[in-house]
Amino acid sequence: MSAKKVGPLIKDARTKAGFTQSELASKIPSLTAPDISKAERGEKMLTQEELKMIAKLTGVTQKSLLEAAGYGKGTTSSSTSSSSSANTTSMKLTATEKKLVELYRAATSEKKKEAMKVLKGEGTDTEEIISNILGTAVEMLMKK
């Protein structure tokens, strides 16, 4: 496992997300600010779960952090291959984009297919598809 390789990625993700080490650590029960600092310098190896939480909080892919840490490919069920995977570690998502990703991940496969059709401008009844997607999003938000 390579703490030295994942450290700079953690720091980059944290700073781009606008977190201090203390702020990020306060959102992860098992970590302190000194732990984050050590991880960023490559002196501390974080667990898979800690890396997943950092990825979620900072908007980078879990896959990018886990693979850099040496946990191997396919360690997360949500990892996907992408032709621009080299750019995903530095990709900053807006709050709306993050919410869309969360909703997409929680949707059924049928809803995902409908959403993709809308985004591609396909389908014969776009209004119905949008209505279904918005209905699902409202239901999910009301559950929270």
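This is a predicted model: local features need pLDDT of at least 70, side-chain atom pairs count only at pLDDT 80 or more; totals for chains, interfaces and linings use all residues.
## Close-up views of an all-helix chain

View 1. Not counting residues up to four places away in sequence, Asp 35 touches Ser 30 and Lys 44. Asp 35 and Met 45 are ten residues apart along the chain, and their C-alpha atoms are separated by 9.3 Å.

**View 2. The whole chain, for orientation.** The chain has eight helices and zero strands. Along the sequence the pattern reads α-α-α-α-α-α-α-α. The chain has 144 residues, of which 30% count as buried. Among contacts between residues at least 6 apart in sequence, 55% join residues at least 24 apart.

**View 3. The largest nonpolar core.** This core has 21 residues. Those with the most contacts inside the core are Val 6, Ile 10, Leu 46, Leu 51, Ile 54 and Leu 65. Five helices each supply at least two residues of the core: α1 (3-16), α2 (21-26), α3 (33-40), α4 (48-58) and α5 (62-68). In soluble globular proteins, nonpolar side chains tend to be buried together. Which residues does Leu 51 contact, leaving aside its neighbours within four places in sequence? They are Val 6, Ile 10, Leu 46, Leu 65, Leu 66, Ala 69 and Tyr 71.

**View 4. Ile 10 in α1.** Ile 10 is found in helix α1 and counts as buried at 1% relative accessibility. Its contacts, not counting residues up to four places away in sequence, are with Ala 39, Glu 40, Leu 46, Leu 51, Ile 54 and Leu 65. Ile 10 and Ile 54 are 44 residues apart along the chain, with their C-alpha atoms separated by 7.6 Å. Ile 10 is also one of the residues with the most contacts inside the largest nonpolar core.

**View 5. Packing of α1 with α4.** Two packed helices are described by the angle between their axes and the distance between the axes. The axes of α1 and α4 come within 9 Å and cross at roughly 30°. That angle makes α1 roughly parallel to α4. The crossing of α1 past α4 is left-handed. From α1, the contact uses Val 6, Ile 10, Ala 13 and Arg 14; from α4, Leu 51, Ile 54 and Thr 58. By class, the residues of this contact are five nonpolar, one polar and one charged.

**View 6. Packing of α1 with α3.** The axes of α1 and α3 come within 7 Å and cross at roughly 120°. The two helices are therefore oblique to each other. On the α1 side, the residues are Ala 3, Gly 7, Pro 8, Ile 10, Lys 11 and Arg 14, and these meet Ile 36, Ala 39 and Glu 40 in α3. The contact of α1 with α3 has five nonpolar, one polar and three charged residues.

**View 7. Arg 14 in α1.** Is Arg 14 buried or exposed? Arg 14 is buried, with a relative accessible area of 8%. The residue is found in helix α1 and takes part in the contacts of α1 with α3 and with α4. Leaving aside neighbours within four places in sequence, Arg 14 is in contact with Phe 19, Thr 20, Gln 21, Leu 24, Ile 36, Glu 40 and Thr 58. Arg 14 and Leu 24 are ten residues apart along the chain, and their C-alpha atoms are separated by 7.4 Å.

**View 8. Gln 21 in α2.** Gln 21 is found in helix α2 and is partly exposed, with a relative accessible area of 24%. Leaving aside neighbours within four places in sequence, Gln 21 is in contact with Arg 14, Ala 33, Ile 36, Ser 37 and Glu 40. The C-alpha atoms of Gln 21 and Thr 32, eleven residues apart along the chain, are separated by 8.3 Å.

**View 9. The buried residues of α4 and the residue after the helix.** The buried residues of α4 are Glu 50, Leu 51, Lys 52, Ile 54, Ala 55 and Thr 58. Their cover includes α1, α2, α3, α5 and α6 (95-106). Just after α4, Gly 59 takes a positive phi of about 85°.

Notes: Residues are numbered from 1 along each chain as its sequence is written. Side-chain values use heavy atoms; hydrogens and water are left out. A nonpolar core is a set of buried Ala, Val, Leu, Ile, Met, Phe, Trp, Tyr and Cys residues joined through side-chain atoms within 4.5 Å. Buried means under 20% relative accessible area, exposed over 50%, partly exposed in between (1.4 Å probe, protein chains only). Helices (H or I, at least four residues) and strands (E, at least two) are DSSP runs, numbered from the N terminus. Contact means heavy atoms within 4.5 Å. Axes are lines fitted to C-alpha atoms, for helices over the stretch in contact, and angles run from 0 to 180 degrees between N-to-C directions. Angles under 35 degrees count as roughly parallel, over 145 as roughly antiparallel, 65 to 115 as roughly perpendicular and the rest as oblique. Ala, Val, Leu, Ile, Met, Phe, Trp, Tyr, Cys and Pro count as nonpolar, Asp, Glu, Lys and Arg as charged, and the others, Gly among them, as polar. A crossing is left-handed if the near helix is turned anticlockwise from the far one by less than a right angle, and right-handed if clockwise.
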